[in-house]
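Here's a quick tour of one protein chain, taken a few spots at a time. Have the model open while you read.

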Amino acid sequence: MNETQGYSAEYAALNHEIYNLTKQLEAKEREFRESTKTDSYDPFDNPTEFRWYRDDYSEILPWITMPEFSVPFEPAKVEKNTIRKFYNIGGFTALFQFLGSNVLATLLILLMTAILSGMNTGVSSGAISHYMTKGAIFVAINMLTFLTANVGFGFIGLKWAKIKPSSLIKTRDYHFSDAVMHCLAGLFIWVTAAYISTGIEDIVSQYGFTTEVMDDDYGKTGLGFAILTIYTCIIAPVTEEFFFRGALMKIFSKSNQRFGIVASAVFFGLAHGNLPQFMLAFLIGVFMGHIDMKHNSIVPSVVVHIFINTMVSVISAFNENEVVMGMLSLLIIAFGIIGFVMLLMFRKGCKLPVSTPAQSRRGIAIAKTSVGIIIAFSAQLIYLVLLILTTKE
């Protein structure tokens, strides 16, 4: 081998060594970038939140994927505006559902009244109203109204927030034993809320009002009872969970899962239009939001909702039978005690998400500046108060 060939070999070896060192440096640099990169699905480093349920926070902060970038403690104006945008979407979706359901119900009632008046000339409006209320017409209108409003505005809200509806049913780690535990825990919450509601009614009645603002004396015909049962036990649980735990909670949880649970539960309670059901709907709404986030699906809350509504329907059906009601009361007490134990077991193994200090500045602190949430909350709260005021004796 001559001298030129020797230099060539040494040069090749040196190039190979430089190549290997360059690759090592690039690997180290990539490793450093990855180690300093903020997890866009856990930007607040919150171990109490449910990772499956999180969305990509780069939707709110696109530059979150940049190396060494971390979410600031206080949100900047751009981040606040984006979070507020989602809160506005959720608030206006709740408002449109509230207004839309009331307008649609009113139009359907006026339409059916006009049709019945045309078919039965000479019959008083009071008689027609009585016929609609006691028969199947009013129940059918109620079912059609909320089926349309919950599903329709639920899809509109999801589309507006650019959330895929299929993301609401990607169920994780959910088994029959979970369903039983959730249903019994929900029963205990229902019993507790019933006692709280009774106490509220006693206080309000001292001032000449009543919280019982809804007329439950309808659907007394066979067809009316059948429609009411189908709506109460199947359609209402499915559509309400789709709207409140599906669309609203997902929209409100973009930066704070705890806020999403509570906010959706508040609107769920207000949607029922009276204080007793508000207490039940809010308390059970928090619980159902919790289990839905845990399992990344509205399926668990639909199951609990169906169970509770079916149980209430059975109790209502035998309300005038003292013997059956006595047996049912004993069963409810027994299962309620078991439900209390189930709730403790569930909460011990799976606690509600806790907001970090940085997330707290992205929850109610921004929500109280959201026009959509303020208008939706105020409108439904005023409506509830006005209903109670009309009961003044």
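This is a predicted model: local features need pLDDT of at least 70, side-chain atom pairs count only at pLDDT 80 or more; totals for chains, interfaces and linings use all residues.

A polar contact here is a pair of N or O atoms within 3.5 Å; within protein, one must be able to donate a hydrogen and the other to accept it.

## Thr 232 in helix H6

With that in mind, go to Thr 232, which sits in helix H6 (residues 222-252). The Thr 232 side chain reaches back to the backbone oxygen of Leu 228, at 2.8 Å. Leaving aside residues up to four places away in sequence, Thr 232 touches Pro 237, Asn 309 and Ser 313.

Mean pLDDT for the protein comes out at 87, with 89% of residues at 70 or more.

Lys 368 lies in the loop between helix H12 (364-367) and H13. Is Lys 368 buried or exposed? Its relative accessible area is 58%, so Lys 368 counts as exposed, the cut-off being over 50%. Arg 84 is 284 residues away from Lys 368 along the chain, yet their C-alpha atoms are separated by 9.4 Å.

## A nonpolar patch

Next, have a look at Leu 381, found in helix H13 (residues 371-389). Leu 381 is partly exposed because its relative accessibility is 35%. Together with Phe 377, Ile 382, Val 385, Leu 386 and Leu 389, Leu 381 forms a nonpolar patch on the surface. The accessible area of that patch is about 510 Å² in total.

How values were computed: Residues are numbered from 1 along each chain as its sequence is written. Side-chain values use heavy atoms; hydrogens and water are left out. Patches are made of residues with over 30% relative accessible area and no salt bridge: like charges are joined within 9 Å, nonpolar side chains (Val, Leu, Ile, Met, Phe, Trp, Tyr) within 5 Å. Accessible areas come from the Shrake-Rupley method with a 1.4 Å probe; for residues, only the protein chains shown count as cover. A salt bridge is a side-chain nitrogen of Lys or Arg within 4 Å of a carboxyl oxygen of Asp or Glu. Helices (H or I, at least four residues) and strands (E, at least two) are DSSP runs, numbered from the N terminus. Buried means under 20% relative accessible area, exposed over 50%, partly exposed in between (1.4 Å probe, protein chains only). pLDDT is the predictor's confidence in each residue, from 0 to 100. Contact means heavy atoms within 4.5 Å.
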